[in-house]
Structure formats: C-alpha cells, structure tokens
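Let us walk through this structure step by step. Keep the sequence and the 3D view at hand.

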Amino acid sequence: MKEKVKNIIENVGLPRIIIFFFLVSLFVLAPFVGISLSTSINDVIVRLSMNGILVLSLVPMVKSGCGLNFGLQLGIIAGLLGAVISIEMEATGFVGFFMAMGIAIFIAVILGFFYGVLLNKIKGDEMVVATYVGFSSVSLMCIFWLILPFKSPNMIWAYGGSGLRTTINTQGYWFHVLTDFLQIKIGSHIIFPTGTLLFFALLCFLVWAFFRTKIGTSIDAAGSNPDYARSCGVNVDKMRIISVILSTVITAIGILVYEESFGFVQLYMAPLYMAFPAIAALLLGGASVGKASIKNVIIGAFLFQGILTMTPSVINNIIKSDMSESIRIVVSNGMIVYALTRKSKVRS
Amino acid sequence: MRKRIIIRITLIVVLILMGISLYTIGKEHKVLIDNKDISMGGLTYNADTAYNVRVDNLEIGLLEKDERKAVKVVGASHKIVVEEIKNKISTGEKHEKKFKLKINENVTINLPAMVNNMDKWIEKIKN
Amino acid sequence: MKKQNLTGTMNPYLKFLIDYSVPIIISLLVAFAIPLSGLSGKYFIKELTIRLSRNSFLILALLIPVMAGMGMNFGIVLGAMAGEIGIIFVTDWGIVGLPSMLLAMLISTPIAILLGYFAGIVLNRAKGREMVTGFMLGFFMNGIYQLVVLYGMGNIIPISNSKILLPRGYGIRNAISLMGIRQVMDKFIPLKIGGILIPIGTILVIASLCIFIVWFKKTKLGQDMRTVGQDNEVARAAGINVEKTRILSIVISTVLACYGQIIFLQNIGTMNTYNSHEQVGVFAIAALLVGGASVAKANIFNVFIGVILFHTMFIVSPRAGKAIIGQAQLGEYFRVFVSYGVIAFSLALYAWRKRVEKENERRKAMAFKRMLLQNNNTAEGDKL
C-alpha cells in the first residue's frame with residue numbers, strides 16, 4: 001500500500017498534490033466563512049470557459065516537441081488585431097465575433113508560420129527565445145497600436161484623437177455573444193455560460209480528433225522521438241511548423257473568447273505576461289515539458305481557476321487581508337519552475 | 001579541519017562585531033533642545049536670554065525664550081556649544097558640554113539647566 | 001544545407017559583423033537618434049556618468065555565471081531582493097550615512113547567499129534550461145518576497161518605524177524615502193568637475209570589483225568554473241565537482257547582485273519596494289548583450305560598452321520618438337521593445353549557432369568514423 005502511495009506521489013508530483021488538497025480545503029472552508037459554494041463553483045466554471053482555450057492552445061506545440069509556448073503573445077496579438085479590425089468595421093453580434101475570428105485566424109497563420117520557422121532553427125532552446133520574442137512583439141505592437149490609422153470613436157483616445165485606447169469595451173459589439181447563447185439560469189445567482197462552454201468543449205474535441213488523424217499522429221511522433229519519426233518518413237520540421245501554426249491559431253481564438261466573456265479588449269502591455277497563467281494551468285493538470293493531453297488541459301484549467309477564484313474570497317475572509325495576488329504569483333510561477341526542473345526524456 | 005572551523009567562527013564573530021559597531025556609528029538619534037523655565041528640587045531656573053546653539057559643529061540657530069528645536073544626530077558621542085545672546089548681540093558667554101547617547105536613546109536638553117551646570121540638564125525621552 | 005560551413009570557415013569580416021551584430025545595430029540606432037533628441041553633449045556626459053556608476057556593479061555580477069556555463073543569470077533578481085530587505089531593515093532602524101549602507105550589505109549577505117544557493121540547486125536540476133528556469137524563478141521569488149514584505153513585515157517580522165509601514169499597520173509601503181542613505185557612496189570623496197558630481201566612492205568600488213573578477217579568473221576556482229563552462233564531462237573527468245562549482249558561481253553572482261542593487265538604490269535615493277527589482281534582470285542582461293557579450297562569452301568591456309550604448313538609447317528614445325511622431329510615449333515603448341528584442345535576438349543567434357556547431361561536430365565525428373572504418377578495411381585487405 002505504501003509503495004502505491006509513494007508511486008502516485010512521485011508520478012503526479014508533490015506540488016500538484018499539495019495544490020489539489022489546498023483547493024479542496026478552500027472549497028470546504030468556503031461555507032464556514034460566508035462564501036456561497038454555488039456562486040463560487042459558478043465563478044470557477046465561467047472562468048474555466050474563458051481561459052480554457054488559451055490553455056488548450058499549448059497542447060499542439062508540446063506534442064510536437066517545441067516545449068511550452070512561452071511565445072503565446074503572438075497568437076494573442078493576432079486575436080487582438082482581429083478584434084480591433086472587426087470593431088473598426090462596426091460589426092456587431094455573432095457576425096462581428098466570427099469576423100474577428102476570421103481575421104485573427106488569418107493573421108495567426110502567418111505569424112505562426114514565421115514563428116515556427118524561427119523555432120526550427122533553434123531546436124533545444126525554444127522556450128527562452130520564445131519568451132523574449134513574445135515580449136518584444138508585445139512592445140512592438142504597442143508602437144503600432146499608437147500609430148495605426150484606426151478611426152472608430154469607440155477605440156481611440158477621446159482628446160488626443162489618434163492612437164488606440166488601452167482597453168476597449170466590447171459592449172455593444174459582441175460582448176457575451178457566446179456566453180448568453182443558450183444561457184441557463186439556475187436560481188438568481190447562477191448563470192451557466194453554456195455557449196462559451198460548448199465552444200470550449202467543441203475545440204477540445206476538435207483538437208482531440210485532430211491528433212487522431214494522420215497529421216496529428218505524425219506530429220506526436222515528431223515530438224516524442226524525432227529520429228524514429230524521420231526514419232519513418234515524417235518531415236519533422238514541417239510537422240513542427242504545423243503544430244506552431246495550430247497553437248497560434250487556437251490562441252487567437254482563445255483570446256477572442258476571453259474578451260467576449262470579459263467584455264474588454266486589452267491592448268498595449270496587458271498581454272505581456274499572459275503566457276504564464278496558461279502554462280501554469282497546463283502543468284498543474286499533469287502535463288510536462290514534453291507531454292500534454294486534453295485531460296491535462298481540463299483538469300489544469302479547472303484547478304488553476306479554482307485557486308484564482310477561491311483564494312481571494314476565502315482567505316481574505318479568514319485573515320482579513322488580500323494575499324491572493326502574491327499567492328497566485330507563487331503558485332503559478334512555482335508550478336512552472338517545478339516542471340522545468342523535472343528530468344525529462346533526452347531529445348536529440 | 002579544526003583550523004577551518006576556528007577560522008569560520010572567528011570570521012562570523014568579527015562580522016557580528018562589525019555589524020554592531022556600524023549600527024552604533026550610524027544610528028540616528030533625536031535631540032530636543034528647550035529654552036524653557038525649569039524647576040528642580042525647589043529651585044527654579046528661568047530662561048531669560050536667547051542662546052545661539054551649535055551641535056557637533058552644525059549651526060542650529062537662535063533659541064528664544066520658551067522655544068524648542070529638534071535636531072537629528074548620528075552616532076554616540078556629541079558636543080553642544082551654547083552662546084548667550086542679549087539684545088541680539090553675543091555677550092561672549094559660552095557653555096560647552098559633551099554627551100554620549102546609547103543605542104535607541106533620544107534626549108531632551110534644557111538650556112537654563114545646562115548653563116547653570118545642573119545634573120539633570122540632559123534627560124532621556126521616554127517613549 | 002549551406003549553413004553548416006558558416007561558422008567554421010567564414011570570412012572574418014562577416015564573422016565580426018555577426019558576432020557583434022547587436023552592438024553594431026544599437027550603435028547605428030543611437031547615432032541616428034541622438035541628433036533627433038536635441039540633447040546636449042554635456043547632458044549625456046552627466047547622465048551617463050550617473051548611470052555608469054549606478055548600474056555597472058549589477059551588470060558585472062552577471063559575468064561569473066557566464067564563465068561557468070550557466071548562461072545569462074536571470075536570477076540576479078534574487079540578489080536584488082536580498083539587498084532590498086537589508087535596506088528595509090537599515091531604514092527601519094534609523095541608521096544613516098555610510099555605516100547604513102555597509103550595514104545593509106552586511107545583513108543582506110547571508111540572505112543573498114541563501115537565495116543564491118537555492119537558485120543554484122534549482123538551476124542544477126534544470127540543466128539545459130537554465131535561462132528559462134532562472135527567469136521563472138525570479139518571478140516565483142517575487143511572490144515570496146511580496147508575502148514576506150507585504151504581509152510578514154510588521155507582523156511576524158518586527159518593524160518599529162511607522163513611517164515605512166502601510167497605514168494598516170503591517171506591510172512595507174510602496175515607496176520608501178532613502179534620504180539617510182542617499183548618495184553616501186557617491187559622495188564619499190566629493191569631486192565636482194564642471195558641475196558634474198563624480199562619484200569617486202562608487203567608481204572605486206566598481207574598479208575593485210573589476211580587479212576582483214580579473215583576479216578570480218586566475219584562481220583555481222575560477223579556472224574550474226571555466227572548465228565547467230567549456231565542457232561538463234571534461235571537468236568531471238578532471239576531478240572537478242561540477243554541481244558544486246555551478247552552484248558557487250550562482251551564489252557569488254547573487255551576492256554581487258545584492259550589493260549592486262544597494263549601490264543602485266543609494267544613488268536613486270528612493271526605493272520602490274515592489275518594483276525596483278522587477279526589471280533588474282532584463283535591463284542588466286539586455287545591456288550586457290548590447291555590449292557585445294553572448295550567452296557563452298562575456299567580459300568587462302562588454303559591461304561598460306553595454307551600459308553606455310544601452311543607456312544612451314534609453315535616454316534618447318523618448319525624445320526621438322517625440323521628434324518623429326510627436327508622442328514621447330512611442331519612444332518609451334521603443335526602448336522596451338529594444339530591451340526585449342535585443343535579448344530575443346541574441347539568444348536566438350546564440351541558439352542557432354550552437355545548433356550549427358553541433359551539426360558540424362556530428363558530421364566531423366561521422367566522417368572520422370567512416371575514415372577509421374575505411375582504414376581498417378584497407379589494413380585487412382593488406383594483410384590478406
């Protein structure tokens with residue numbers, strides 16, 4: 001029996017177990033400190049649907065051996081461009097939303113292609129370069145948000161007259177188009193974001209199905225054992241580029257879903273650190289630098305958003321102070337550090 | 001092996017001593033200077049003239065009757081020099097006193113008491 | 001497959017251009033932007049003197065891990081945090097002047113050693129991924145720092161000076177005035193040339209650090225580190241404890257960064273408790289790379305050239321941005337972009353060259369093997 005427990009701890013990893021029990025204890029404590037359990041669970045589900053797709057987007061690149069996508073910001077920029085252009089064209093409702101998505105996907109494919117080519121040239125050091133490529137592109141885009149000729153009065157600075165605002169309200173355009181779709185109201189407090197959740201589930205299913213196709217399995221092979229894959233006739237480099245494009249596209253879709261639910265398009269430096277929560281969530285769900293599955297995405301996103309939701313409300317009521325931000329930093333970054341220090345398969 | 005441990009312990013002790021001396025040398029203390037009437041043991045000393053005050057070669061300025069000034073000093077040992085001023089001219093009478101401050105000690109100096117060489121011219125401020 | 005031959009048999013001029021591509025590009029940018037900014041030469045000299053004396057120590061702290069093959073030590077943030085904790089205590093105790101700075105250095109050293117040791121162990125477990133791990137470790141420690149400084153201080157850790165505590169009674173304020181420690185080292189031996197304060201004290205300290213680094217490279221430990229940096233296996237075969245040496249390089253770097261941050265703060269005179277150390281890693285590393293260093297090679301010249309180029313660009317960007325587009329904000333975003341971009345570019349360049357060299361090695365080894373086999377065959381043939 002002891003052997004079995006020890007095995008589980010080693011496989012799952014001590015930090016994950018600690019975090020899991022931490023979350024469970026938060027849920028247990030909630031009613032005692034006056035937090036409604038049902039509202040909390042509802043909050044977690046809403047946040048899961050908002051952030052889940054971003055976590056999902058990491059999977060293709062992990063599978064192909066490119067590591068964790070620290071350059072997530074590229075896909076986010078594609079999504080932001082799509083959103084902003086769609087609003088500029090005064091498109092509203094579902095039409096506006098899908099138009100944003102279309103533009104975003106188009107840009108994401110182009111960006112993803114170049115990103116993939118770059119990553120192919122630096123096999124083995126993808127993660128650290130990706131981080132800074134992501135950072136520099138966010139700062140570069142800051143310059144562009146300022147000088148691109150957008151005219152929609154909803155988006156530009158009121159008095160200056162030129163340059164986009166830092167946050168743009170999606171209300172009146174496509175705010176909550178998915179969330180309100182097929183919305184289920186339970187009682188007065190619980191609003192089940194059916195649309196967004198269905199969309200998330202749909203994408204999860206598509207990704208899962210994709211990796212059962214011929215290309216999908218080739219990508220998987222390229223990631224787990226490049227030499228063997230090459231000997232089977234798989235063009236490893238091409239597979240990696242495809243996975244990067246796929247990841248970037250999903251990221252673009254993911255940020256749009258996030259914005260639709262959140263209600264704001266956040267430009268300038270806001271996307272700078274957005275890769276880290278997504279990566280932490282994926283790792284929390286059991287993934288590693290070399291391995292990720294849909295299961296990891298769902299479990300991880302749920303756990304991570306759970307911590308994010310429950311910590312502020314519960315702990316603040318107990319200790320009467322707001323430690324949540326610091327705890328979030330410790331948990332999410334600690335998770336990433338932990339995953340980076342685990343011995344993984346040697347790749348050539 | 002023994003030698004290494006001895007060297008290390010000596011090093012730590014030296015560092016701790018250095019730390020304590022730095023603390024003492026660098027600690028800031030507050031000194032309040034009063035030019036007020038003061039009565040002790042039945043005797044009263046009146047503050048009837050103004051004084052020009054210098055602490056550690058830093059010019060504090062003129063203290064009129066019933067005036068109080070606050071000064072920050074650094075370290076343990078200090079010197080205060082007072083010059084009597086009557087009708088805006090110095091009478092030439094100077095008084096000088098040295099005082100030492102312990103760690104975390106802040107003091108009040110009473111000028112009439114000091115000028116008259118009383119024991120309790122300088123007193124600790126109780127927090 | 002042309003690339004394989006690039007680094008080996010390259011035209012030396014081309015090689016120089018690629019090796020020093022970053023400083024060259026930045027120099028061009030700076031040369032372009034200086035006239036645009038409309039700032040006087042005297043202003044530059046004054047600003048650069050300040051910035052050189054303020055930042056050099058921190059950047060010098062990066063040199064030793066590079067020597068030991070750990071790459072760019074993003075973990076100097078940990079050292080900076082240790083230094084800040086020392087300063088918080090010294091400010092709380094009301095110590096001023098040069099003694100306060102020395103005392104801050106004294107008490108933060110054990111903290112820096114501890115954090116450096118921790119970082120060294122973590123980095124050893126992430127061999128091959130040191131830079132990303134160091135980077136994330138910095139963020140992680142920032143969270144711990146926040147928990148300690150924002151919640152622990154005033155609570156579990158006794159702080160008596162209410163001026164630096166938040167109104168709620170515990171937790172350090174966002175910005176602390178460091179008037180007591182302001183410019184104590186800079187003004188140590190006061191010297192003014194043409195209205196510019198020359199910080200002799202700081203310059204002496206920086207010079208001593210440079211001498212220390214040069215001396216260190218010649219010691220046995222220094223040589224060990226260089227061997228470890230070249231090739232782990234060779235070092236191990238030579239009897240060097242590779243793990244311990246790597247950890248030691250990080251510890252030294254962290255302690256130096258701790259002092260460097262204290263020097264930085266004494267020059268500025270105020271401490272942003274929660275932000276001062278955030279960009280320390282990025283800006284220091286960017287400056288070093290702009291000075292021509294790479295992940296595998298960095299020397300003292302890189303540090304000073306880097307500070308001059310990088311900070312000139314820093315000074316000049318907002319004004320140049322205003323001159324070009326009419327918005328200073330553009331210049332600010334531009335310099336952030338350059339900071340990150342320089343790192344991305346240098347790291348990518350280094351990673352690419354590393355791969356190309358590895359490929360070259362592999363081909364050479366295969367060719368050698370083939371040759372050996374051929375020789376064997378001919379020998380066999382002779383025997384027959």
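How many bridges join strand β1 (residues 28-34) of chain B to β6(B), and do the two run parallel or antiparallel? There are 7 bridges, and the two strands run antiparallel. Keep in mind that this is a predicted model.

Strands of a sheet pair through backbone hydrogen bonds, either parallel or antiparallel. In chain B, 4 strands form an open sheet in the order β6-β1-β9-β10, and the pairing is mixed. Which strands stand at the edges? They are β6 (68-74) and β10 (122-124) of chain B. Each has a single partner strand, so one side of each is left without a neighbour in the sheet. Neighbouring strands of this sheet are turned against each other by 25° on average, direction ignored.

Chain B also touches chain C. Here 10 residues of chain B are in contact with 12 residues of chain C. Helix α1 (residues 2-26) of chain B gives the largest share of chain B's side, 7 residues. By class, that side of chain B holds 6 nonpolar, 2 polar and 2 charged residues.

Turn next to chain A. Its secondary structure comes to 14 helices and 4 strands. The radius of gyration of chain A is 21 Å, close to the 20 Å that the globule rule gives for 348 residues, so chain A is as compact as a globular protein of that length. Along its principal axes, the C-alpha trace of chain A spans about 65 × 55 × 35 Å.

Where does chain A meet chain C? In this contact, 31 residues of chain A face 36 residues of chain C. On the side of chain A, α6 (93-121), α7 (126-147) and α14 (324-340) each supply at least two residues. Which of the elements gives the most to this side? It is α7(A), with 14 residues. The side of chain A that touches chain C divides into 19 nonpolar, 9 polar and 3 charged residues.

That leaves chain C itself. It is divided into domain 1 (1-37 + 296-384) and domain 2 (54-290). The C-alpha centres of these two domains of chain C lie 28 Å apart. Their contact takes 17 residues from domain 1 and 17 residues from domain 2. On the domain 1 side, α2 (21-37), α13 (300-325) and α14 (328-383) of chain C each give two or more residues. The largest share of that side, 8 residues, comes from α13(C). The side of domain 1 has 13 nonpolar, 4 polar and no charged residues.

Finish with a pair of helices in chain C. The axes of helix α5 (residues 76-92) and helix α6 (residues 97-124) of chain C come within 7 Å and cross at roughly 145°. The crossing of α5(C) and α6(C) is right-handed. Which residues meet there? From α5(C) they include C:L78, C:G79, C:A82 and C:G83. From α6(C) they include C:S100, C:L103, C:A104 and C:M105. The contact of α5(C) with α6(C) divides into 14 nonpolar, 6 polar and no charged residues.

How values were computed
Residues numbered from 1 in each chain as written. Chains lettered and ligands numbered in written order. Predicted model: local features only at pLDDT ≥ 70, side-chain atom pairs only at ≥ 80, totals over all residues. Contact = placed C-beta atoms within 7 Å. Nonpolar A, V, L, I, M, F, W, Y, C, P; charged D, E, K, R; others polar. Pairing = 2+ DSSP bridges. Axes fitted to C-alpha atoms, helices over the stretch in contact; angles between N-to-C directions. Domains from an automatic or database assignment. Left-handed = near helix turned anticlockwise from the far one by under 90°. Rg over C-alpha atoms; globule rule 2.2 N^0.38 Å.
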